[in-house]
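Colleague: I have the model open and a few questions. Can you walk me through what is there?

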Amino acid sequence: RKTGNVSIKERDVKVTIPPGIDNGMNLRLQGQGADGDPGAAAGNLLVQIIVDGDNHFHRDGYDVHTESSITFVQAILGGNIDVETLHGEVEMKIPQGC
């Protein structure tokens, strides 16, 4: 059994977050962990993902949902509304009688 000192080193690491990642998933960054024994490669760095909630969007698997209100008149006669998307605001046509 080995005993010894533990040292904590702090450094910045750039991580590319892949599309579709979800809360609780882990990313393994090969060779970015602690130094290995003399002559050995560095270990891996495991990064656990915690996804913050959003006031406007919510996820359902790989789908992203949002809600927009329309008036009673728009529901009957149709019209256009502005809807916030992940890439900015777009104009959406509301069909008559929806």
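Modeller: One definition to begin with: helices are DSSP runs of H or I with at least four residues, and they are numbered from the N terminus. By that rule Leu77 lies in helix 1, residues 72–77. Keep in mind that this is a predicted model.

Colleague: How many helices and strands does the chain have?

Modeller: The chain has one helix and six strands. Along the sequence the pattern reads β-β-β-β-α-β-β. The radius of gyration is 24 Å, well over the 13 Å that the globule rule gives for 98 residues, so the chain is more spread out than a compact globule.

Colleague: What box do the C-alpha atoms fill?

Modeller: Roughly 75 × 20 × 20 Å, taken along the principal axes.

Colleague: And what share of the residues count as buried?

Modeller: Of the 98 residues, 12% count as buried. The accessible surface of the chain is about 8,800 Å², and 49% of that surface belongs to carbon and sulfur atoms.

Colleague: What about contacts between residues at least 24 apart?

Modeller: Take the contacts between residues at least 6 apart in sequence: 22% of them join residues at least 24 apart.

Colleague: Now the strands. How do strand 1 and strand 2 pair?

Modeller: They are antiparallel, with four bridges between them. Leu29 stands opposite Leu45 in strand 2.

Colleague: Which residues are on the covered face of strand 1?

Modeller: Leu27 and Leu29 are on the covered face, while Asn26 and Arg28 are on the uncovered one. In a regular strand the side chains alternate between the two faces of the sheet.

Colleague: What does Leu45 touch?

Modeller: Leaving out residues up to four places away in sequence, Leu45 touches Val13, Leu27, Arg28, Leu29, Gln32 and Gly33. Leu45 lies in strand 2, and at 28% relative accessibility it counts as partly exposed.

Colleague: Where is Gly43 placed?

Modeller: In the loop between strand 1 (26–29) and strand 2 (45–48). Gly43 counts as partly exposed because its relative accessibility is 28%. Not counting residues up to four places away in sequence, Gly43 touches Gly31, Gln32, Gly33 and Ala34.

Colleague: How many Å apart are Gly43 and Phe57 in space?

Modeller: 37 Å from C-alpha to C-alpha, although the two are 14 residues apart in sequence.

Colleague: Different topic. What is the salt bridge count?

Modeller: The count comes to one salt bridge. Asp22 forms that salt bridge with Arg59, and the closest N and O atoms are 3.8 Å apart. The pair links distant parts of the chain: Asp22 is in the segment before strand 1, Arg59 is in strand 3 (residues 58–60), and 37 residues separate them.

Colleague: Why does Arg59 count as partly exposed?

Modeller: Because its relative accessibility is 36%, and partly exposed runs between the buried cut-off of under 20% and the exposed cut-off of over 50%. Asp22 is also partly exposed, with a relative accessible area of 31%.

Colleague: Last one. How many bridges join strand 5 to strand 6?

Modeller: Seven bridges join strand 5 (residues 79–85) to strand 6 (residues 88–94), and the two run antiparallel. Strand 5 and strand 6 form a hairpin with two residues between them.

Colleague: Which residue in strand 6 is the bridge partner of Ile81?

Modeller: Met92 is the bridge partner of Ile81.

Definitions and conventions
Residues numbered from 1 in each chain as written. Predicted model: local features only at pLDDT ≥ 70, side-chain atom pairs only at ≥ 80, totals over all residues. Heavy atoms only, no water. Buried < 20%, exposed > 50% of the residue type's maximum accessible area, 1.4 Å probe, protein only. Contact = heavy atoms within 4.5 Å. Salt bridge = Lys/Arg side-chain N within 4 Å of Asp/Glu carboxyl O. Rg over C-alpha atoms; globule rule 2.2 N^0.38 Å. Areas by Shrake-Rupley, 256 points an atom, 1.4 Å probe, with all protein chains shown as cover. Pairing = 2+ DSSP bridges.
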